[in-house]
Amino acid sequence: MNHQGTGAAVERRRIVVVGASVRAMAQSAAATGWEVHAADFFGDLDLRATARDVMRLGPEHAYPHALVALAAEWPAAPWCYTGALENHPDIIDAIAAVRRLAGNGGSAVRAVRDPLRLAEAVRSAGLLFPETFRSPDGLPCDGSFIVKPLASASGRGIRAWRPDAASLAASAATHIWQHRVVGEPHAAAFIVAPGGATLLGLTRQLIGEPWCHAGPFSYCGSVTVPASALPRSLAAQLDRLGGVLADEFRLVGAVGVDLMIDTDGRIWVVEINPRFTASMELHERRCGGSVAAAHLHACGVSGVSGMSSDWRAVADDALPAMAWAKAVLHAPHAIDVTTGLVAEWQAMAAAWSADDGGPAALADIPAPGQTIPARAPLLTIFARGAAPDAALAGVTRRTADVVASCPPAFSRPFAAAPSPPPPGTHTA
């Protein structure tokens, strides 16, 4: 970042955004006139084109603990976070002690990220939560349970519970064991304010898709679900879920909920992410508006107008029928990012963006001169369609075209092994 001391006067329209990946929230805020100052792991080209300045958090910054010291150098402005800083509520509190937080503080994060407390609140609201245990003692090892890190993000570290060395190394202090719900993975996006919660929309999640070269439980994209397609019973369950967020946990701002929908149309809440999430930019593409502005307004930041009182009505009544899909392509092998490769991607993006009516068809484009390790996030790809299946088919084809553009894998017999990918994705 081009650092400016905190002694300067606070500007009404300036915001600091911090997290593993902040591009989507930065673009959302900048679209409504906010001057964005950003810090994340990637520092991708489109983030640099959006933000006033960007700090790329490297190994030397000892993320996340160094953020407390770095916060003193950020411009004088409110700050907010994206994934997966919710795994570090003490860091959130330490920074919030010296500058205004536009988001959920450490106490709210600890409460909503406690799976046993969450289970109790969800079940009290008449919703479902998978059986969850702090210990694997007595649990079957037939794949019907999964083991999850308590500090998780984008599905990293989740695996089927089996009696192998990797699973047995899981610690009861850092993991939970959860029954595997049979159903379709979805994410619900809300804006929560003291008056209640507003549903922005529902997306179907893409998890572990081979064509995205993602790991078995890794998040690798989303597809919008039209509000008009929600059965009344499902909409009622989502309303109750919003009540849990607002009344039980008193969250504020943008909140995402990972959930499963079973064959009977019942919601199983899996996890709550108390911040701007990866799927939210798809709701902006479908409905217009700015989720970041709605988040800041709900958090009481001055100089921000509110959003529509009925986002769902705007989505279905004022806009033509359409659906959006996004895919997070993980590198199929180590890829050297060259100027020529970036130019090829940008040419693809220009053509596809025109087909979609203007919004960028590629995002999180890495800067030339770096090597993206195998299985690390490479690019985010978008497509629009007349219906969800058409949008998904379009983003699948585009992803295949991007994969075909990548240089083939080659042997590096004398090169050091690539560093592991940072603990985040290009989408949060």
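Guide: Let us begin with aromatic pairs: rings of Phe, Tyr and Trp (its six-membered ring) pair if their centres lie within 6.5 Å; planes under 30 degrees apart count as stacked, over 60 as edge-to-face and the rest as tilted. The structure holds 5 aromatic pairs. This is a predicted model, in which local features need pLDDT of at least 70 and side-chain atom pairs count only at pLDDT 80 or more, while totals for chains, interfaces and linings use all residues. Residues are numbered from 1 along each chain as its sequence is written, and side-chain values use heavy atoms, with hydrogens and water left out.

Visitor: What makes the pair of phenylalanine 133 and phenylalanine 145 tilted?

Guide: The ring centres of phenylalanine 133 and phenylalanine 145 are 6.0 Å apart and the planes stand at 50°, so the pair is tilted. Phenylalanine 133 belongs to strand 5 and phenylalanine 145 to strand 6 (residues 145–149), so the pair ties together parts that are 12 residues apart in sequence. Strands (E, at least two residues) are DSSP runs, numbered from the N terminus.

Visitor: Why is phenylalanine 133 called partly exposed?

Guide: Buried means under 20% relative accessible area, exposed over 50%, and partly exposed in between (1.4 Å probe, protein chains only). Phenylalanine 133 has a relative accessibility of 30%, and therefore counts as partly exposed. Phenylalanine 145, with a relative accessible area of 5%, is buried.

Visitor: How do you know that strand 5 and strand 8 pair?

Guide: Two strands pair if DSSP finds at least two bridges between them. Strand 5 and strand 8 (residues 175–179) have 2 bridges and run in the antiparallel sense. Threonine 132 stands opposite glutamine 178 in strand 8.

Visitor: Why is one side of strand 5 (132–133) left without a neighbour in the sheet?

Guide: The open sheet has 4 strands in the order 5-8-6-7, with antiparallel pairing. Strand 5 and strand 7 (159–160) stand at the edges, each with a single partner strand, so one side of each lacks a neighbour in the sheet.

Visitor: How do you know that the charged end of arginine 285 sits over the ring of tryptophan 324?

Guide: A charge sits over a ring if NZ of Lys or CZ of Arg is within 6 Å of the ring centre and within 35 degrees of the ring normal. The charged end of arginine 285 sits over the ring of tryptophan 324 at 5.0 Å from its centre. Arginine 285 also lies over the face of phenylalanine 382, 3.7 Å from the ring centre.
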